[in-house]
Amino acid sequence: MSDVTQILQQIESGNLTGAERLLPLVYDELRRLAAQRLTNEKPGQTLQATALVHEAYVRLVDVEAPQNWDSRQHFFSAAAEAMRRILVENARRKRTLRAGGDYQRQEFIEDEIALPSPPDELLALDEALEHLNAKDSRKAKLVELRYFGGLTIAEAADCLGVSVATAERDWTYAKAWLRRQIADDESTSDGI
Amino acid sequence: MNEETVFIEALTKTSKSEQAAFLDEACAGNPQLRESVEELILAHDSVPDFLEVPILEARNTTDAKSDERTPARFAETPALDASSEEFADALDFLKPSMQPGVLGALGSYPVSEVIGRGGMGVVLRGRDPKLNRIVAIKVLAPELASNAQARRRFLREAQAAAAVSHAHVVTTHAIDEVEKLPYIVMEYVAGCSLQERIERDGPFDIERILRVARQTAQGLAAAHEQGLIHRDVKPANILLENGIERVKLSDFGLARAIDDVGMTQTGTVAGTPQYMSPEQAQGERVDHRSDLFSLGCVMYMMCTGRSPFRADTTVGALRRVCDDVPRPIAQVNSSIPAWLIAIIDRLLAKRPEDRFQSAAEVAEILGIGLAHIQEPTEATQAELESRVRHGSRTQVPGGPDDLTVLDSHRPTDIRPPLTRILHPTRRTVVACLLVGVLCMIVGVTEATGVSNVRGFLATVLRIGTPNGTLLLEVDDPDVIVTIDGEDVVITGAGPREVRLKPGVYRVLAQKDGKVISQELVTISRDGKEVVKIDFEPFPSRDLSVASPESDNAMPVQRFLEVARFSGEGGFQYSARFSPNGDAILIYTSAAAPARILHIPDGKELQTLDGEFRAAAFTPDGQHIVTGSGSARDALNRLMVWNVETGKRLAFEPSVRGAFLDLVVSSDGQQIVSGHGQWWGSYTDRDHSIRIWDAESRQLLREIEGSNDQVMDLAISPDGKSVVSGSRDRSVRLWNLETGEEIRRFEGAGTEVFSVAFSPNGRLVAGGYGPDPDAGIHGRIIDDPDHCVAVLWDIESGNEVQRFQGHSGCINSIGFSPDGTVLVTASGEAHVGEPLPDGGSKKSRDNTVRLWDVATGRQLAEIKHRTSLKSASFSPDGEYLLTSEWHLVHLWKVPDSLGPPEVDEFSDVLLRSPLLVSSDRDGQFDIYRVDPSSDPASDAHHDLGSSSQEWTNLTNHPAEDTGPAWSPDGKRIAFCSSRSGNLDIWLMNADGHGVRQVTQFPGIDRTPTWSPDGERIAFVRHLSNDNWEVFVVDADGSNPINLTNHPAKDADPAWSPDGKNIAYSFDGDGTRLYLMDSDGSNPRILSGRAGSFTYPAWSPDGSQILFTAWENDVGGNLELFVINADGSGERQLTQMRGLNSFAAWSPDGNWIAFEHRSPNIPGREATVHVRTIDGSKSTAISRAEAHVGFGGGRPAWRPTATALNP
């Protein structure tokens, strides 16, 4: 039985500290997978967050062992967060680089990960997401699941234990809220 | 409500105006909330694609600018959630894909999203796998693609469009076809359409107008150079890239493709009516100058925020395009310079030769204009003027030659000869008919903007839909009816049938040159529409309100809608009578002009352009006082308008708070205004009541003291005091001279939305809203406990009456002129905190109610479709004016306001459903009639009449008629031909458990139950001349012949005490007989000559209803009633026709019977229900339902009280 499977079973049986241990494992695996993909696949290939996460799941979790959806939720939730961290770190490095920081070769090769948006934008989103988390963590988690984890509304709703309708409402609101927050942040920093 | 719930709710609104109106209400008194929600909406609208594509799937940023990943909107419909079921079907043509986040594949293109959808097809967001770039893919709608010619044309035009390579034309990458489904792969434009921009921003500033127009003209010029005509230039097809707002013209040639879809008629029309050139609208040959006309329309819209030829229908828009002159731009937006107006006017010339002759020329002139705006010089001004005029071959009246006077804001005028406006050309008619067809095929159903139906429709129009024909019923021989503008189709009274192709038609009725009715009618393939046009002269003091079905003696006390004003959808209207009742003022707080209409003919007397949160006539009717309430950063102004000239008087004082209500004292000296924070400054809270000198508009006094919005005000008849209703939950009386609070009235304790003074000044009325925490069902507030009207004695302050019945917020309250009747109107209310699920609370009581002031009893109720804002009596008390979301209704008040028959009858139905036999579904079946359970489903045309639900209980091809409830209400005996003969059958009350009772080779009919439910009496036809009354056990055993006499003994009716049976005897004359229930002691009950049939006992057994000829020589069959002892015989009905098969309601107050009109041959009949004394009456089934013969009497189900008296 793999570590992750064990952790998931612990979580199922109520050991919540398991969740803390899950994230690093998933994080590492995702990074490894992403890097592997990027170096092995043809140029121009799109990285599918969903595919990555699912692959990580298959690799990390002992699929022979009985799993219920509860534990998968924890996994995907962790995976989405991991993905967010990976990308945000990547963006930070890129920005540092641009600002004249030291070039350090990382496990991730920046040039090969074409970030979907400029690093600043991603970092702004990350920051706004933190604000949202402070205000309404469920909505922040939803955004993480959807945007970084690639989950559909229905999957994310399942994960969060809310109805699809609620998730849709949360999603609409969270997007607009983040958009506004980012715009506010921009204008604030412009003003300074 | 918090930010989130308001925001979510606001997004559900379908139009900007509706959204604004909602925000007005939801954020009332909370400007911070409003601002934050508006920011959210802006954020939501501006970047709809934001975060929608998971991060690692969207790595296409090389060609898109940062933070601008918005997909272009190719269709007017918003982007749809592709995962929705609705869309799943439409995307059948996609190959399934295993890739997550991908909907499917079209050819080699993975498709991730549906961007938009229009009449011609779907626009998808896809990825070009070879070049790894995001592309837009337009797919021809499968229904169009099945037409080979359309397909070829689509591809050919796409090829032509692909030949155009220009910065302002969307680049075509590829054209392909998968399984005969053609699609175009195009450049993906990050941005949104001009349509969306204008909707969001309103009119553009001049520089922006010139820039966008010029680029559009440049794009068109490039296309025209390739010999390509766009044919559908409109704001929705002009895409604006994010950032620099670069124009990208899209949708070339698609309109053309539609031309080819199997149209068998003459030339057809394709495009968007409001932006179509006249030659295009008329189906004539078009050239590139047609696009220039459309460009003019687009520029007009950028200047004014609205399209020039808006109309409430497609046909209307086309007619306007061909014959109408748009409202002068200068009247709408005074900041537009004359030379620009002249350019637009020339583009909008009806004749192509009067326009500029090329798009390149237009682009060039606009370029000069742009330079002039950026750096105005006399030289550029002169050049502009000469260029605008240059090349004009035909002098346009009032056109460019008037340029020099244009600076004085005189509107340019390119009015065609007057005769052409007044008499639509034959060409228009053709165009309109063509569009009817077009609508059907392409599904162009878009609303074409603001309604231009401004006048009252002084007629009642009823549309029914039994089984493509259009049946027009015209009562008045002077009425001329036209269909889609085609001249005289029908004149004179009486029904005529017209065959029409399926589609949408405009039916117009005129009398003496005036439009008395117009209505859109949809003809479906197998459908049949009946339009009934009965002309009711208006206003006519001797107008008798009579039932359309009867000629006399049946006064129907219903509110007759005598006129209606249709405004723009999504706007909440208010309406007020002028002091002499000759005119009404209609206004809305949304951005639409207020209108004054003359009542007798509906003529528009005046249009006032401004902002109106509150408005009132002065007592002399010569002025209108208005107050604004929506200016965001500006102060709100008090304005006084001259009704005759439409001009505003100088000096308009301004204040912080919005004007929520305005009243003028009866001597016209003072204006009192109530305020509340709507927008405006966030820190100041202005909830004052202000008193102004009407003459000078100087502020005389300011009354502070309300803690929330002052929603409504009323001045006492003596002008000394004013009563206020506030959302601070108080109704207060103030001294107008001193501003002191005189009294506070205690009522329901909730927010107050309306107040009124009784005409004698002794009473004050207040209308309350719901308790935010009470009576919530889902998100609907249903709070009859608090949504009450309360009446107080002004001297004592005591509550003297409470009117309970509304379940929603009472937005308006008022007295009849004689003070005896109170009128209230209820509508939506957004109150309290949001629900746990994030929804907002609303009330759904959209009714106007009339109450007896003396007793508190409800007198009448008029249901409306949407939330009501106002309801008031005309000064003479004869009419009632009500306003809802986009409709204003004028009702004739019935001569005597009795208890509402509708509700009472519904109550009877509720307690005891009625059984009726009818062939409404093509075969005779037994129906159970219940009151309608869904008030919202009420047909608008039947306001004031009750509505029912009909449940088919038998649904058998055989004839099932003559139903009779068993005394316990559990079984139904009926007469059926299922066995081949007519026999008596039984079923359970729900229609199940059908079983045969009698079996005899004769005819058995008219079953009647013994009161103990054990036996059934009926008539059996032994031969043509020998009918006998039989009785049988309910299980079919022990049949006994009770009459045994060689004559026609028929129609037995068991008395409620079970001792007697009434029946009709036809031997040597017809008589109504009575016998003991064992058949003994037969005796004549009524000696009256004529045929006696179908007796029916009153529930208490004291009276018998029966049918007889009115006189010896025949004539009408009428209902009579006679006491059980043979005394007191009298005629009940006096209706032309045949009235029979009567039944009593269990409470003995109502009778139901079948009525056949002598004018309608055959079996058609209606069921009438009326009170015994004839005071109230209603027809529960119109021409669509027919009562069965052979014992077709309706039957009320007995109630418990009837069972155990």
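Start with contacts in chain A: among those between residues at least 6 apart in sequence, 64% join residues at least 24 apart, a contact being heavy atoms within 4.5 Å. This is a predicted model, in which local features need pLDDT of at least 70 and side-chain atom pairs count only at pLDDT 80 or more, while totals for chains, interfaces and linings use all residues. Residues are numbered from 1 along each chain as its sequence is written, chains are lettered from A and ligands numbered from 1 in the order in which they are written, and side-chain values use heavy atoms, with hydrogens and water left out.

**Chain A**

Colour chain A by secondary structure. Helices here are DSSP runs of H or I with at least four residues, strands are runs of E with at least two, and both are numbered from the N terminus.

Switch to a surface. Chain A exposes about 9,100 Å², 47% of it supplied by carbon and sulfur atoms; accessible areas come from the Shrake-Rupley method with a 1.4 Å probe, and for residues only the protein chains shown count as cover. Of the 192 residues in chain A, 48% are buried. Buried means under 20% relative accessible area, exposed over 50%, and partly exposed in between, with a 1.4 Å probe and protein chains only.

**Aromatic pairs**

Over all chains, a search of the whole structure finds 13 aromatic pairs. Select Tyr147(A) and Phe148(A), an edge-to-face pair with 5.1 Å centre to centre and 80° between the planes. Rings of Phe, Tyr and Trp (its six-membered ring) pair if their centres lie within 6.5 Å; planes under 30 degrees apart count as stacked, over 60 as edge-to-face and the rest as tilted. Both Tyr147(A) and Phe148(A) are buried.

Move to Phe1065(B) and Tyr1073(B) in chain B. Their ring centres are 4.9 Å apart and their planes stand at 50°, so this pair is tilted. Phe1065(B) is buried at a relative accessible area of 8%, and Tyr1073(B) counts as buried at 16%.

Next, select Phe745(B), Tyr768(B) and Trp792(B), which ring pairs link into a cluster. Setting aside residues up to four places away in sequence, Gly797(B) touches Arg743(B), Phe745(B) and Trp792(B). The glycine sits in the loop between β39 (789-793) and β40 (799-803) of chain B. The C-alpha atoms of Gly797(B) and Phe745(B) are 6.0 Å apart, although 52 residues separate them along the chain. Is Gly797(B) buried or exposed? Gly797(B) counts as buried because its relative accessibility is 16%, under the 20% cut-off.

**Charges over rings**

Select Arg346(B) with Phe356(B). The charged end of Arg346(B) sits over the ring, 4.2 Å from its centre. The criterion is NZ of Lys or CZ of Arg within 6 Å of the ring centre and within 35 degrees of the ring normal. Then select Lys1048(B), which lies over the face of Trp1027(B) at 5.1 Å from the ring centre.

**A helix and a sheet in chain B**

Go to helix α11 (residues 288-304) of chain B. Its 17 residues reach 25 Å from the first C-alpha to the last, close to the 24 Å expected at 1.5 Å a residue; the expected span is 1.5 Å times one less than the number of residues. α11(B) is mostly covered, with 16 of its 17 residues buried. Gly305(B) follows α11(B) and has a positive phi, near 85°.

Now show the open sheet of four strands, ordered β23-β24-β25-β26 (chain B) with antiparallel pairing. Its edge strands, each pairing on one side only, are β23 (614-617) and β26 (654-655) of chain B. Strands pair if DSSP finds at least two bridges between them. Two bridges join β25 (residues 636-642) of chain B to β26(B), and Arg637(B) stands opposite Ser654(B) in β26(B).

**Positive phi in strands**

Most residues other than glycine have a negative phi.

- Thr1006(B), in strand β56 (residues 1003-1009) of chain B, has a phi of about 45° and is buried at 5%.
- Asp1051(B), in strand β60 (residues 1048-1054) of chain B, has a phi of about 55° and counts as buried at 2% relative accessibility.
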